[in-house]
Amino acid sequence: MSETGIGQRVKRKEDHRFITGKGRYTDDINLPGQTYGYFLRSPHAHATIKSIDTSAAKKMPGVAGIFTGEDIANDKLGGLICGWMIHSKDGSPMKAGPHPVLAQGKVRYVGDHVAFVVAATKEQAKAAAAAVDVSYAVLPHNVDAAMAMTAKAQVHDVAPDNRVFNWSLGDQAATDAAFKAAAHVTKIDLVNNRLIPNAMEPRAAIGSYDSGSDHFTLYTTSQNPHVARLVISAFHGLAPEHKLRVIAPDVGGGFGSKIFIYAEEVACVWASKKIGGRPIKWTAERSESFLADAHGRDHVTHAELATDATGKITGLRVNTKAAMGGYLSTFASCVPTYLYGTLMSGQYAIPNIYVEVDAVYTNTAPVDAYRGAGRPEATYVVERIVETAARELKMDPGEFRRKNFIKSFPHQTPVIMCYDAGDYAAALDKALQIADYKGFPGRKAESAKRGKLRGVGFSAYIEACGIAPSAAVGSLGAGVGLWESAEVRVNPVGTVEVLTGSHSHGQGHETTFAQLVSDRLGIDIDNVAIVHGDTDKVQFGMGTYGSRSGAVGMTAISKALDKIEAKAKRVAAAVMEASTNDVEFKNGTFTVKGTDKKMAFGEVALAAYVAHKFNSAEIEPGLKESAFHDPSNFVFPAGVHICEVEIDADTGVTEVASYTAVDDFGNIINPMIVEGQVHGGIVQGIGQALTEGCVYDKESGQLLTGSYMDYCMPRADNVPSFKLGFICTPCPSNPLGMKGCGEAGAIASPAAVMNAVTDALGVRDVPMPATPQVVWQVMQPMKKAAE
Amino acid sequence: MPAISMKVNGQVVTGEVEARTLLVDFLRSNLGLTGTHVGCDTSQCGACVVHVDGRAVKSCTALAIACDGASVTTIEGLARNGTLHPMQEAFREHHGLQCGFCTPGMIMSAIDTVNRRGKTLDEATIRHELEGNICRCTGYQNIVAAVQAGAAKM
């Protein structure tokens, strides 16, 4: 195996530009004649717009244009879409209200887009926005998912009770019967706190229009530029795809929040034509990211778990209210449904599961996929209730899980998914060993001596990623297929460019994808370039989210490489005057069986382009192949995480004392990069559990956590170093045997941390985030009782 | 508009700025040094950290005009004659970055930490010193490893 091949800790090829300040993010790009856009946003959670007077603002210095919902309507620019149709259990389609690019008649959350002001400088645009006179009539509002269906506020006319859909999955009658027969029933009420994604690079866009060629260009902070082009073309109707180029250059983190097609990006590219083609740049201030990026989570759930007399789980019932915010964002509807209910079996053989979800409009920023998307919420329900059941049954939480683990594969759950491979007991054993679980009582006693309460919590998560088989998601309501494409271009000198529809915004594709090519073609990794993020360069793509770039994106590359090898063999055979069947390819060299004839990969590449040595009526010149890969199943990463916390009994300060993660990602291309993904995911989950919580004021509807002063991002001194381990059951549904690793940490860790916190305190539940104030309040009645 | 002059990465630069122009905007817009990033509007995230007269400063919180006559070092000025600064090299070596957006500020803060606290840094010290730099990707573990290794080589 070469030093840069599959499985090696190859240092990242992309790092040089980032560590020398030469990364090229959207806001780093400036186009000639560029103007600046600024969005005037709603100060109200819910209001009708009585009038907008832009006359004074239009006279302000530098103003190039001011646009409102009326201009959008006059231009018949289509609204923002939700691309996944969910049907309620009564068969009715989800109730999607209008979602115009700029508000028309009504605003539905604080931060909603009211007017778009374009001026020569950012400061001039801001000043002019302040001069736009908007008259509102304030309406009753509601920011609470639990209250939405009975609230006075009616967010959209199409949904009188604010209910977008009432969806269910599983066999209700069979599950109810299982509960009737149960020896024990565990019940729990959980809130999955609303989060604000906070990729470190704020969203940004530059839209421009060239009247000479009637062609638009959009630079944008996107995880999936081709999907952005498709949506802007097909649904907004701005321009057909061949007249719109979307470029997502270096993107500073996404975590889901940069999947979606937002109003700002569409407005920039649309309005550029309105001002005569001058480019318009908009870069979000962080406060705008808080207000108007799609948020994550925000579930209120009641769950019940049935067990028999031996401690076997016999049924699970889940009822969830999921906030959608003021509008349905691009993929919002699939998150609390097919990315959530389908994972309710966890790692367990549960014969009966029934899940019911009410998705509701609230007067808040839209909620959509955020790292893990539905699967962290599912894991939180399953792993919190399983841990609670173990406590009630006085069983060790690890052994209760082991008793109920799925042990043979494939395993069909009662909630759609068919798990293909796994070894959950092996992950548990390894985690118990790395975490020194046996030594926990000793550590707990030692903590107690220092006035600290120590607790331990497990999370045996599973996720379905490698999103996704097109036919399967189509049958469930997806408006798109979720394949991936790749093109491998071998240059005449033997260097290789791979054009991929995946998009890297921190994942290290320029390295891992090149490792695959280097490994397969036996060429130096420095001779491989990965090209992504530009619809004019890359043939097509569905982008990066749902931990899909390895299992789906790399498989597309692998298929293209198969074709490259087959074609190169034909060329080599012709040049070496041999039969193609006798040509072998290994370590970058083509040989002819039974002879000493050989050609290096680069020689064959050159021969393919020179085309003198073969009959070009039989073999086309050139060496360039493309492939589309549509996966046959989801992939199912799984693992066991064990967290220990120490809580200061006086202050309520909770510290993660140790954290062990054992994951099964199947085959791993680059362990260094995979470990980095796990670290980052765990910290996002610890953030959800202990520090992060989006808060809207119920009275005013204002976002209270609107900056880093109020929304507590985990810092370096909030978290420890983690102990990682891996097991490997290769994924059978792709040739590389890969699962996905991008979301696992964030999926597993909130439950592990909160199980540890509740264990330390000896209580059933503590709401997330378990800040010192929250924990201190939980401890007060306990202290009084002890006195 | 007032004219200012400062030394940036060893080169004398001049420019006209509004009195309200921030140092980060002067670096990014006037000088085209886009390695210094803006990640927030409350001086919390640290993506904009540069060195002014040898000390780490959040350039989103300094007025350009206040740096008239100062010597400023940005991420672009760390490598010398094509050789990376040991802290840059350490971030690459230890996978201390993913999306790269917080990285310039992290590296500038880390070098400042070494300048103030010495080359032998324990984990707790590094974590405390990086409190003013937010990273959403790495979970900090590899950043801590990178700073520790980079410090030792400075």
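Predicted model: local features only at pLDDT ≥ 70, side-chain atom pairs only at ≥ 80, totals over all residues.
User: Which residues of α5(B) are buried?
Analyst: The buried residues of α5(B) are B:Gln141, B:Asn142, B:Ile143, B:Val144, B:Ala146, B:Val147, B:Gly150 and B:Ala151. Helices (H or I, at least four residues) and strands (E, at least two) are DSSP runs, numbered from the N terminus.

User: What covers the buried residues of α5(B)?
Analyst: The cover includes α17 (671-691) of chain A. From chain B, α2, α3 and α4 take part.

User: And why does the span of α5(B) agree with what it should be?
Analyst: Its 13 residues should span 18 Å at 1.5 Å a residue, and the end C-alpha atoms are 19 Å apart, so the two agree. The expected span is 1.5 Å times one less than the number of residues.

User: How many residues of chain B are in contact with chain A?
Analyst: 43 residues of chain B are in contact with 43 of chain A. Contact means C-beta atoms, placed from the backbone, within 7 Å. On the chain B side, α2 (86-93), α3 (103-117), α4 (123-129) and α5 (141-153) each supply at least two residues. By class, that side has 19 nonpolar, 16 polar and 8 charged residues. Ala, Val, Leu, Ile, Met, Phe, Trp, Tyr, Cys and Pro count as nonpolar, Asp, Glu, Lys and Arg as charged, the others, Gly among them, as polar.

User: How is chain B divided?
Analyst: Into domain 1 (3-77) and domain 2 (86-153). Domain bounds come from an automatic or database assignment. The C-alpha centres of these two chain B domains are 21 Å apart. 15 residues of domain 1 of chain B are in contact with 11 of domain 2 of chain B. On the domain 1 side, β3 (49-52) and β4 (55-58) of chain B each supply at least two residues. The largest share, 3 residues, comes from β3(B).

User: Over to chain A. What domains does the assignment give?
Analyst: Domain 1 is 31-139 + 200-253 + 258-292, domain 2 is 299-467 + 633-786, and domain 3 is 483-629. In chain A, 16 residues of domain 1 are in contact with 14 of domain 3. The largest share of the domain 1 side, 4 residues, comes from α6(A).

User: Which strand does β20(A) join?
Analyst: Strand β20 (496-500) of chain A runs parallel to β21(A), with 4 bridges. Strands pair if DSSP finds at least two bridges between them. A:Val496 has A:Val528 as its bridge partner. In β21 (528-531) of chain A, A:Val528 and A:Ile530 form the covered face, A:Ala529 and A:Val531 the uncovered one.

User: What order do the strands of the open sheet in chain A take?
Analyst: The order is β4-β2-β6, 3 strands, with antiparallel pairing. β4 (106-107) and β6 (133-138) of chain A stand at the edges with a single partner strand each, so one side of each lacks a neighbour in the sheet. 2 bridges join β2 (47-53) of chain A to β4(A). A:Thr48 has A:Lys106 as its bridge partner.

Terms used
Residues numbered from 1 in each chain as written. Chains lettered and ligands numbered in written order. Contact = placed C-beta atoms within 7 Å. Buried ≥ 20, exposed ≤ 12 C-beta atoms within 10 Å, placed from the backbone.
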